Each structure stands twice: as structure tokens, then as C-alpha cells.
Amino acid sequence: MNDKVDSSYWLACEGDAHAFDRMCADLIGPLYGYALSLVGNRHLAEDLVQDTFMRLVNLMRDEKLRNRSGTVRSLVFTILHNLAIDRRRTAKLTVPLDDTIPARTDPSLEHAALRDEIDVALAQIPVNYREAIALREFGELSYDEIAKTLNATLPEVRTWIHRGRKQLATLLSHHQRYAAANEDRSS
């Protein structure tokens, strides 16, 4: 997928509007998912994605990326990550839990309930674990790209993802046992 985004990017730099649209279409879902995992607010996540694309357009116009190493995909996730950090610093965000659930594409109630459980569990793990997992799962970034985006070492990223996944598994397992116990009591 990175090659597809990168080739669309270079075509867009040459003025191909359709290539830019394709690139945005390939990136918008993963960027939104990552932004939502960072800020926990749908509207702010949408704003961050829009601001990320605006920054990318400005970089394209200024031709500042001609000699840049790395993928465009990792670049846009880095831009979004930095924008989210800036927003946190200036707004000192406090996120109401009821606004952290992303829009559903699957009408299945079981799927929605599981997604809710995952969102609640994600909110409970350390930020660096959550960011690394989100970049891996939503952004489909490599461990090297995650390390560059988070300004971390490769061993740190591996540790964060490993520990984060373990904590999520524990939290989700605990939550399912709790839900089953409450279901038994209400019967």
C-alpha cells in the first residue's frame, strides 16, 4: 500500500488532481483511526486529519519533499502525530468517554459492543503503548516508521507494542469476565 500512496503522491505533485484524490482516499481512514485513538474526540480527529492534508498540500506546493527519505504514509502520520501533540499542549484536552467511540461501519451489535470494549481498554493503557499500537493497526506502518513517527528507538517501539497488546488482552479478558458475571446476576 505504501508504494500506491507514494506513486499517487508524486503524480499529485506534478498536478494530477485524481492522483491526489486517490492518495487521500487511501489515507483518510487510517489517519482518522489514528487521530481518534490519540485525541478520543470525533470532531477533533476530523480536524486533525484535515489539518494534516493541508500541511501536506503546503509541503507539496513548496516542493519541500523532493529529497525526503521514507514513505509519504509515514510522513502524514508524523504530521498528524505532531499536530495532535500541539493540540494537547495548547488545549490540555480532557476527553469525555462517551465521545471516544468511532462511527460504526458494521451494523452488527456484537461488533459494536466489542469495538466499545476495545476503545475503553485502549483508553486505559499508557499513551506511548496506545500510539504505537494505533500506528501499527490503523496506519499499517512498519516498526521503523513507527519509531521515526514517535521519535523513539526500534526496541522501544517493539516493547511498547508487545506490552500494550498484553495489557489490552488482560483488560479485555477482565472486562468480559465482569460482563458475564453481571449477566448471570441479572438472569
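Reader: How do you know how many of the contacts link residues 24 or more positions apart?

Author: Take the contacts in the protein chain with a separation of 6 or more: 64% of them are between residues 24 or more positions apart. Contact here means heavy atoms within 4.5 Å. Bear in mind that this is a predicted model, where local features need pLDDT of at least 70 and side-chain atom pairs count only at pLDDT 80 or more, while totals for chains, interfaces and linings use all residues. Residues are numbered from 1 along each chain as its sequence is written, and side-chain values use heavy atoms, with hydrogens and water left out.

Reader: What makes up the secondary structure of the protein chain?

Author: Eight helices and zero strands. Helices are DSSP runs of H or I with at least four residues, strands are runs of E with at least two, and the numbering starts at the N terminus.

Reader: Why is α2 called roughly antiparallel to α6?

Author: Helix α2 (residues 17–39) and helix α6 (residues 127–137) pack at about 170 degrees, with axes 9 Å apart. The axes are lines fitted to C-alpha atoms, for helices over the stretch in contact, and angles run from 0 to 180 degrees between N-to-C directions. Under 35 degrees counts as roughly parallel, over 145 as roughly antiparallel, 65 to 115 as roughly perpendicular, and the rest as oblique. The α2 and α6 pair is therefore roughly antiparallel.

Reader: Which residues meet where α2 and α6 touch?

Author: From α2 it's Tyr34, Ser37 and Leu38, and they meet Arg130, Glu131, Ala134 and Leu135 of α6. By class, that contact has four nonpolar, one polar and two charged residues. Ala, Val, Leu, Ile, Met, Phe, Trp, Tyr, Cys and Pro count as nonpolar, Asp, Glu, Lys and Arg as charged, and the others, Gly among them, as polar.

Reader: What makes a set of residues a nonpolar core?

Author: The members are buried Ala, Val, Leu, Ile, Met, Phe, Trp, Tyr and Cys residues, joined through side-chain atoms within 4.5 Å. The largest such core has 48 residues, and Tyr34 is one of those with the most contacts inside it. The largest share, 12 residues, comes from α2. Tyr34 touches, among others, Phe77, Leu80 and Leu150.

Reader: Why is Thr149 called buried?

Author: Buried means under 20% relative accessible area, exposed means over 50%, and partly exposed is in between (1.4 Å probe, protein chains only). Thr149 comes in at 3%, so it counts as buried. Thr149 sits in helix α7, and its neighbours in contact include Ser74, His81 and Leu141.

Reader: And what makes the Thr149 and Glu145 pair a polar contact?

Author: A polar atom of the Thr149 side chain is 2.9 Å from the backbone oxygen of Glu145. A polar contact is a pair of N or O atoms within 3.5 Å; within protein, one must be able to donate a hydrogen and the other to accept it, and residues adjacent in sequence count only if both atoms are side-chain atoms.

Reader: Buried or exposed: how do you label Leu27?

Author: Leu27, in helix α2, has a relative accessible area of 0%, so buried it is.

Key:
Lists of a residue's contacts leave out its neighbours within four places in sequence.
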